[in-house]
Amino acid sequence: MAAGIFNEVFYLLGKAMLKRRIVSDLEKCGALWKAYMKIRYASDTWDFRLCFQRHFKNRPHFIVIEDRKGIYGILPLAYLSEAETYVFFPGETWNGKTWLERTPVYCREPRAMNDLLSECPERTYLRYVEPLTDSAPSALDVDETGYLLHPPDLDFDIQRYYERFTWKKLKAIKKEVASILGADSSWRVNRLSDYDLLVQMNLAGFGDNSYFYDPRFTESFREVLRLLDRKGRLRLVALEAAGLTLAVDLAALFDGIYVPFLGGTHPDFRGVAKVMNMHHIEFAIAQGLARVDFLCGDFTWKKLWHLDPEPLYKFVSPALRDEMQPPS
């Protein structure tokens, strides 16, 4: 008990001596990111984020907190001038909200997260925050649910994954997959020109609700494609059958974590999305990967396919929260 009180007093005394500064120079922000951010996903790298920065061109606003030991915490924000809102860097938006998930935040110790959030500007909206501990800071609310698969939990055995389904449901999925994967089907990996097919199919399927309806998003991911290819992290997977390209998915593999980011499917082959989903799962298990992240998004198939749900969180500053409340 006494030790706990002493630690809390020591923390409060140290907090009173914290210094805050804002870094807006892109080169200096990059140096901070590279020196302090923990890189787990391909999208955590500075070069990946720059692919979006070059097209969205939002002003960086990195909050840096320091004490006598040095840098205590870094919150990488960007300013969206059209919405007058601060969001996670680089501020890539789709339907008015940022898209990239699990943006890294540097905290020398977990409690630094609350200190960083308390320094946010009045109009701040941070999405897809991954808590640093099992319990999220009180300033965070549940945002959306992410859907993951952990092959080590399955002993890297696809049969263990199949056991998550009822026999009837698994039989139906396998039948639909087999109806598309015939003798004339083939897989194609990392033909970069397939990206244009992906964009075309996604636009055809979703129209103005497609990510690619915004040309900034299209060109940002085109740069991501080239970056991942140069680094040996790209899996641009296309399925061909009957002389047609039925689907293309863009995924990244980094340090045992596999992320299928987005894709497009041929409108005349309804079941092809199941084929692509199963392909990613089978690939990850066969390769002995640690995690597959199918990202957030309220798509029914993620629940039906018995992926592992994990909540991500959001931070909305009080002034912006009041503004977002519907009128009473």
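Trainee: How many cavities of 30 Å³ or more does a search of the whole structure find?
Mentor: One. A cavity here is a set of points on a 1 Å grid over the protein atoms alone where a 1.4 Å probe fits but cannot get out. Grid points are joined across faces, edges and corners, and a volume is the space filled by probe spheres set on the points. Before we go on: this is a predicted model, where local features need pLDDT of at least 70 and side-chain atom pairs count only at pLDDT 80 or more, while totals for chains, interfaces and linings use all residues. Residues are numbered from 1 along each chain as its sequence is written, and side-chain values use heavy atoms, with hydrogens and water left out.

Trainee: Ok. How much space lies in the largest cavity, and which residues line it?
Mentor: About 80 Å³. The lining is Y41, S43, W99, L100, E101, R102, V259, F261, D293 and L295. Lining residues have an atom within 4 Å of a point.

Trainee: Let's take D293. Where is it?
Mentor: D293 is in strand β14, residues 291-293. Strands (E, at least two residues) and helices (H or I, at least four) are DSSP runs, numbered from the N terminus.

Trainee: And is D293 buried or exposed?
Mentor: D293 counts as buried because its relative accessible area is 0%. The cut-offs are under 20% for buried and over 50% for exposed, with partly exposed in between, using a 1.4 Å probe and protein chains only.

Trainee: What does its side chain reach?
Mentor: The side chains of D293 and Y41 are joined by a polar contact of 3.0 Å. D293 also uses its side chain to reach the backbone nitrogen of L295, at 2.7 Å. A polar contact is a pair of N or O atoms within 3.5 Å; within protein, one must be able to donate a hydrogen and the other to accept it, and residues adjacent in sequence count only if both atoms are side-chain atoms.

Trainee: Which other residues is D293 in contact with?
Mentor: Setting aside neighbours within four places in sequence, D293 is in contact with Y41, R102, Y147, L148, Y258, V259 and P260. Contact means heavy atoms within 4.5 Å.

Trainee: What sheet does β14 belong to?
Mentor: An open one of eight strands with mixed pairing, in the order β8-β15-β9-β14-β13-β12-β11-β10. At the edges are β8 (125-129) and β10 (186-189), each pairing on one side only. Two strands pair if DSSP finds at least two bridges between them.

Trainee: How does β13 pair with β14 and β12?
Mentor: With β14, β13 pairs in the parallel sense over two bridges, and I257 has R291 as its bridge partner in β14. β12 and β13 run antiparallel and are joined by eight bridges. There, A252 stands opposite V259 in β13.

Trainee: What happens at the turn in that hairpin?
Mentor: The hairpin of β12 and β13 has two residues between the strands, and D255 takes a positive phi near 50° there. D255 is classed as exposed because its relative accessible area is 67%.

Trainee: What about β13 itself, why is it called largely enclosed?
Mentor: Because eight of its nine residues are buried, β13 is largely enclosed by the rest of the structure.

Trainee: Switching topic: what volume does the largest pocket have?
Mentor: About 1,400 Å³. Among the 47 residues lining the largest pocket, the closest to its centre are F206, Y211, G263, F299 and W301. A pocket is an open set of points with protein on both sides within 12 Å along at least five of seven lines.

Trainee: Which element gives the largest share of that lining?
Mentor: β13, with six residues.
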